[in-house]
Structures are given as C-alpha cells and as structure tokens.
Amino acid sequence: MSELINNSEQRKSQLKEIILKLHKGGHQEEVRRELMETLSQIPYGEVVEVEQELIAEGLPEEEVLRLCDAHSAVLQGNIDLSGSKEIPEGHPVDVFKKENEELLKTTAAARAMLNGIKDGSAEFSEASVLKLRGLFNNLYDADKHYQRKEYLLFPYLENKGITGPPKVMWGKQDEIRELIRGSIEILQQKDITREELLASAEIVFEQALFGIDDMTVKEEQILFPMAMDKLTDTEWYEISKQSIEIGFCLYDPKVNWKPLWAAETGVNDAQKSGSHIQLPSGSFSAAELLAILNTIPVDMTFVDKDDKVKYFTQGAERVFQRNRAILNRDVRLCHPPASAHIVDKIIDDFKSGRQSRAPFWINMGGKMVHIEYFALRGEQGEYLGVLEVSHDVTRYRELQGEQRILSYT
C-alpha cells in the first residue's frame with residue numbers, strides 16, 4: 001500500500017512540475033514529450049488533485065484558467081481511465097455524454113462548412129450563412145449542459161472539498177458562451193461578405209468550436225470519472241430530478257434513471273401525492289391537469305417572460321414535434337434563423353402591450369394548420385410570457401350542415 005501511495009505522490013509531483021513549466025513559458029510539444037517519457041499514463045483523480053494543490057499553494061485561479069487549454073492539450077490521451085466506473089443508462093453522466101456526442105456532431109458540421117467556404121469547395125451564399133448561423137444557434141444549447149454542471153454537479157463536488165477544478169471549468173465555460181454569442185452576432189449581420197466571415201472564423205468561430213470540443217475532453221477524461229467516484233447515488237438522484245428544471249442540450253433522455261432504492265418512488269411527487277392545485281374557478285390534481293392538457297386537440301407551448309421555453313403539451317395528435325431538449329432554451333433559437341426576426345417582433349409587441357395575439361395559418365403536408373400566439377398577462381396586466389397554440393383545422397373547414405345527434409365518427 002505504501003508503495004502505491006509513494007507512486008501516486010511521485011506522479012503528482014512530476015505532473016505539478018510539468019504544469020509549472022507551462023506556467024513559466026515552456027513549449028507545449030516539449031512538455032508533452034517529457035510527460036510521455038516520464039509519466040505515460042496518469043490516473044484521472046490525480047489530475048484533479050494536482051490542480052487543487054496548485055491553487056492551494058498560491059497559483060492564482062486566473063493563471064490556472066489561462067493554462068487550462070495548454071495542460072489539457074499536453075495531457076490528452078495520457079490519462080488512465082481504466083479505473084473509472086460503469087455509467088448506467090439515463091444516469092446524469094450518461095446524459096452529459098450523450099449531449100457531448102450531439103455537440104461534437106454540430107461542431108464538426110460547422111467546421112466543415114467553414115473549411116468548405118475557406119477552400120472554395122462550398123458555396124458562400126445567404127443560405128450558407130443562415131445554415132451556419134443555425135448550427136451556432138444549436139451550439140448555444142451548450143449553455144444548459146454547462147448550467148447543469150455549475151448549479152447541480154459543482155455544489156456537490158465543492159461540499160467534498162473539490163473547489164479549484166469547478167471554478168476553473170466554470171471560467172472556461174463562460175469564455176465558450178461569449179464566443180458562441182459573438183459568433184451568432186456576427187452571423188446575424190446583414191450582407192456579411194465572404195472576407196468578413198473568414199476573418200471572423202479564425203478569431204471567433206473556430207475558437208468557439210475548439211472550446212466546445214476541448215470541454216468535452218476535459219469532462220469525459222477527468223470531471224465525469226472523478227464525479228462518479230465522489231458522489232453517491234442519492235446525490236446523483238437529486239441531480240437527475242432537478243435536471244429537467246434547467247433542460248437538456250440537443251438530446252432528450254430516453255430513460256429516467258433512478259437508483260434501485262427509489263424504484264417505488266414516483267418521479268413526479270405532486271402527481272403521486274394527489275395534491276390539488278386550487279384556482280379561482282375550481283381545482284384539480286396534478287394528474288388531472290396533465291390529462292387535460294394532453295387531451296385537448298391542440299399543441300400548446302409556453303414561453304416565460306424571459307423568453308425561455310418552459311413547457312409543451314404531449315398530446316397524441318401533435319402538429320409540431322417537440323422534445324425536452326428545447327426546455328429552458330431561448331425561443332428565438334427554436335426557430336429557423338430566417339424567421340427569427342418575426343419571433344423578435346411578436347415578443348417585442350407583446351411585452352410593450354401594443355399587441356396581445358398574432359395569428360398565422362399555413363398549408364402543411366395537405367393539412368391546414370392554424371397557429372396563434374397569445375400574450376399572457378397577470379391580474380395587474382404584467383407580462384408573463386407567450387402561449388403558442390397550434391391546431392390542425394382541416395376537418396373543421398370541411399364541416400357542413402349540423403350534427404345534433406350522437407355519433408362517434
């Protein structure tokens with residue numbers, strides 16, 4: 001046992017020296033070569049311990065943040081994951097990893113578009129800019145992935161004394177958010193030229209894509225294996241239950257994970273308890289309310305006063321498909337970039353009080369679909385959000401005469 005402890009301490013000491021060489025200006029490739037020669041494989045837990053020790057010994061968090069990408073590049077492929085735990089389907093870490101798969105697909109598509117425009121193999125046009133903007137809109141969904149780490153996972157790690165790495169990772173995530181926002185703002189510019197787009201690619205777009213990709217490596221090689229070791233099933237269950245409040249990133253979990261001891265516990269406590277929701281004109285239980293909302297023959301989506309999608313009905317006859325990946329997403333990013341200005345106009349008119357409803361109707365796959373947006377206001381007239389109601393009205397348009405007798409057809 002003492003030999004194992006000594007080996008661990010020796011590895012950590014060498015790793016610390018290597019990171020400090022980067023701090024003093026050492027070249028990444030030289031440091032990486034030294035790492036491979038002296039250490040080869042480093043257990044993921046020791047990487048976290050070294051970061052924590054460096055901060056405790058006085059290396060400023062800002063400097064660790066600055067070095068984060070450099071020592072991540074040096075360590076990539078040299079972290080020993082053989083001792084990491086198996087991850088059950090639907091577990092919060094499984095969801096994080098599935099989201100990473102979708103993020104990596106999206107960064108690859110965006111990078112391919114940029115490279116195609118750069119080398120001339122892809123056309124530069126208004127349509128290609130809109131498509132690229134759509135990809136970056138989707139990448140902004142990473143915000144929900146990061147928020148679940150910051151507000152659900154990191155507090156548990158901090159309670160166990162792991163404070164440095166979460167702070168460093170949070171700082172990198174803020175940088176990534178800014179880069180994605182900046183990319184979207186550039187792509188929203190009217191009449192952007194090919195030269196302007198390519199000039200922005202190197203300093204903004206590509207940095208955003210690299211940041212997202214690199215964060216997935218940091219998560220999967222260090223953060224997630226370490227968190228699986230540190231957190232109990234009870235703590236993961238709390239994270240799982242609260243995740244829906246923040247929402248998911250480009251992926252809707254197919255399985256609601258819970259530990260074996262929670263198998264008899266309902267996911268929705270309000271439904272299980274049968275408690276009633278009291279309104280001025282009556283009351284119903286959560287189960288009854290859910291049944292009502294999912295039975296009425298319209299699709300409804302609620303967007304709150306901060307323009308975030310918070311709820312949608314799940315009836316059998318849906319007009320537009322929805323999944324839980326849109327929850328807590330900015331409603332503007334849920335629409336094609338070409339129609340984002342219409343969404344902006346509706347929200348602005350509703351918030352200002354100039355309008356309270358906005359109807360549309362379209363032909364879709366041989367059906368006549370009526371879509372209407374309603375401003376929601378409280379008793380004092382305060383703006384609460386938007387209700388989108390979509391309805392297949394084809395059969396109503398075909399009605400003739402009257403039906404006054406019972407018929408189920």
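Predicted model: local features only at pLDDT ≥ 70, side-chain atom pairs only at ≥ 80, totals over all residues.
Q: What should I know about the model before I start?
A: Local features need pLDDT of at least 70 and side-chain atom pairs count only at pLDDT 80 or more, while totals for chains, interfaces and linings use all residues. Residues are numbered from 1 along each chain as its sequence is written, and side-chain values use heavy atoms, leaving out hydrogens and water.

Q: How many aromatic pairs does the structure hold?
A: Rings of Phe, Tyr and Trp (its six-membered ring) pair if their centres lie within 6.5 Å; planes under 30 degrees apart are stacked, over 60 edge-to-face, and the rest tilted. Here there are six such pairs. One of them, tyrosine 151 with tryptophan 170, is edge-to-face, at 5.5 Å centre to centre and 85 degrees between the planes.

Q: Where in the chain do tyrosine 151 and tryptophan 170 lie?
A: Helices are DSSP runs (H or I, at least four residues), numbered from the N terminus. Tyrosine 151 belongs to helix α7 (residues 142–159) and tryptophan 170 to helix α8 (residues 164–187), so the pair links parts of the chain 19 residues apart.

Q: Which residues form one aromatic cluster?
A: Tyr151, Phe154 and Trp170 do. Phenylalanine 154 and tryptophan 170 make a tilted pair, 6.3 Å centre to centre with 45 degrees between the planes.

Q: Is phenylalanine 154 buried or exposed?
A: Buried means under 20% relative accessible area, exposed over 50%, and partly exposed in between (1.4 Å probe, protein chains only). Phenylalanine 154 is buried, at 0%. Tyrosine 151 is partly exposed at 49%, and tryptophan 170 is partly exposed at 27%.

Methods:
Helix = DSSP H or I, 4+ residues; strand = E, 2+ residues; numbered from the N terminus.
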